[in-house]
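The tour goes stop by stop.

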Amino acid sequence: MSNNPSFVLRKIEDVVYEERSIPDVKDDEVLVAVKKTGICGSDVHYLVHGRIGDFVVEKPMVLGHESAGIIHKVGKNVKNLKQGDRVAMEPGATCRVCDDCKRGRYELCPDIVFAATPPYDGTLARYYPIPADLCYKLPDNLTLEDGAMMEPLSVAVHSVANISQLRANQSVVVFGAGPVGLLCMAVARALGASRIIAVDIVPSRLEFAKQYAATDTYTPPKPQDGESRIAYSQRNAKTMMEQLGIAERGPTAIDLVVDASGAEVSIQTGILIAKHGGSYVQVGMGQPEVQIPITTLLVKEINFRGSFRYGPGDYPLAIALVSQGKIDLKPLVTHRFSFDQAVEAFQVTRNGKSADGKAVIKAVISGPDVSPDDLS
Ligand SMILES: [Zn+2]
Ligand SMILES: [Zn+2]
């Protein structure tokens, strides 16, 4: 292998290992030897569809953005890190001078350079150059795999702790029990939520959610023939409230709805079951346009928010919650692959299960010099 083997998406359904040169580090950057990278739905989406919304793969792009590694080289202005430090890597470098950056909403920066979002290369390579302040030192009790999982965990922290400002003793419903939904449940639990209801159509996912972080689970009924989506959602919300003893107001009402599914009927149901004056946050990406019960949203004065990636303070809080033992990331890593098994790792994530039938929550690919069994 070359000095910097990289896993590259050339075009739809076409991935190769490329021999790339080792990148230079700028004065305020570090070069990280990437050791663990989780595969995200978005990586798979680019592989299968070549685009997400307006982001289109037009030239070869290295995949991967959920990574942790070891500092290999530091730029000459870097003071907070040294060679050998183990770090979680926040994969979005922002401009620092635009209005959004300056007012502390850097996730909205129009000039963000985000790993594995076209046209920018991702982290599935031996080395990745990154601004030093986007590397967070891992406490000794965290593994590099935990470090890679800080990326999806930060998405959950951003939506539940930052955007929604969940407080202790509040009740939460999370639609979608995939990796991000599960992590939203874990954050809600870590922050002291009194009730965490997991909703999914796959029974095995609900079983996992129940033993992982949810206090209750709910399986939506099947749609009836000829039933419109909104009629279904109204029936679904009513059934859910009856089955789980949810009221519209008061102590048994739902303070926060998190949609991590992106499904239209979940979004509709979520608005219908949130309490009067409650909050709703959209973190799942699904259909780009959906119909929502806007009058209900208005009359209930629902605080309806979008949540995108992560902003100031999200990585540090994610790391702290795991380091303090309030969130356990280990049960979420279901599959591990070596660097040269990256194609298989993507295949397994795409199928949702491996050949032995085991369901995938998160598959992690090790760096070129690391054994998948190395969990240090
Ligand atoms: Zn991701
Ligand atoms: Zn900016």
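Is Glu 344 buried, exposed or partly exposed? Glu 344 counts as partly exposed, with 16 C-beta neighbours inside 10 Å. The cut-offs: a residue is buried if 20 or more other C-beta atoms lie within 10 Å of its own, exposed if 12 or fewer, and partly exposed in between, with C-beta atoms placed from the backbone.

Before moving on, two notes. This is a predicted model, in which local features need pLDDT of at least 70, side-chain atom pairs count only at pLDDT 80 or more, and totals for chains, interfaces and linings use all residues. Residues are numbered from 1 along each chain as its sequence is written, while chains are lettered from A and ligands numbered from 1 in the order in which they are written.

**Stop 1: helix H10**

Stay with Glu 344, which lies in helix H10. Helices (H or I, at least four residues) and strands (E, at least two) are DSSP runs, numbered from the N terminus. Glu 344 and Ile 365 are 21 residues apart along the chain, and their C-alpha atoms are separated by 10.0 Å.

Now select all of H10, residues 342–351. Its buried residues are Ala 342, Ala 345, Phe 346, Val 348 and Thr 349. They cover an arc of only 165 degrees around the axis, which puts them on the same side of H10. The arc is that of the directions from the helix axis to the C-beta atoms. An α-helix has 3.6 residues a turn, so residues three or four places apart point the same way.

What do the buried residues of H10 pack against? Show S1, helix H1 (41–49), strand S19 (333–337) and strand S20 (362–366). Contact here requires C-beta atoms, placed from the backbone, within 7 Å. Then step just past H10 to Gly 352, which takes a positive phi of about 80 degrees.

**Stop 2: helix H9**

Select residues 314–323 for helix H9. Asp 314, Tyr 315, Ala 318, Ile 319, Leu 321 and Val 322 are buried. Again the arc around the axis is only 165 degrees, which puts these residues on the same side of H9. They pack against strand S8 (86–89), strand S12 (135–137), helix H3 (144–163) and helix H4 (179–190). Just after H9 comes Gly 325, with a positive phi of about 80 degrees.

**Stop 3: a sheet of 3 strands**

Go to strand S1, residues 4–11. S1 belongs to an open sheet of 3 strands with the order S2-S1-S6 and antiparallel pairing. Two strands pair if DSSP finds at least two bridges between them. The edge strands are S2 (14–20) and S6 (61–62), each pairing on one side only. Between S1 and S2 there are 7 bridges. Pick Phe 7 and look across to Tyr 17, its bridge partner in S2.

**Stop 4: backbone exceptions**

Most residues other than glycine have a negative phi, and most peptide bonds are trans. Select Glu 13, in the loop between S1 and S2. Glu 13 is not a glycine, yet has a positive phi of about 60 degrees. Glu 13 is exposed, with 10 other C-beta atoms within 10 Å.

Next comes Ala 116, in the loop between S10 and S11. Ala 116 also has a positive phi of about 60 degrees. Is Ala 116 buried or exposed? Ala 116 counts as buried, with 25 C-beta neighbours inside 10 Å.

Pro 119 sits in the loop between strand S10 (113–114) and strand S11 (127–131). A cis peptide bond joins Pro 118 and Pro 119, with omega at about 5 degrees.

**Stop 5: the two domains**

Zoom out and colour by domain. Domain 1 takes 4–153 + 311–366, and domain 2 takes 165–306. The bounds come from an automatic or database domain assignment. The domain centres, taken over C-alpha atoms, are 29 Å apart. How many residues of domain 1 are in contact with domain 2? There are 11, in contact with 9 residues of domain 2. That side of domain 1 divides into 8 nonpolar, 1 polar and 2 charged residues. Ala, Val, Leu, Ile, Met, Phe, Trp, Tyr, Cys and Pro count as nonpolar, Asp, Glu, Lys and Arg as charged, and the others, Gly among them, as polar.

**Last stop: the whole chain**

Show everything. The protein chain has 10 helices and 20 strands. Its C-alpha trace spans about 60 × 45 × 35 Å along the principal axes. Buried residues make up 47% of the 376 residues.

Technical notes
Two residues are in contact if their C-beta atoms, placed from the backbone, lie within 7 Å.
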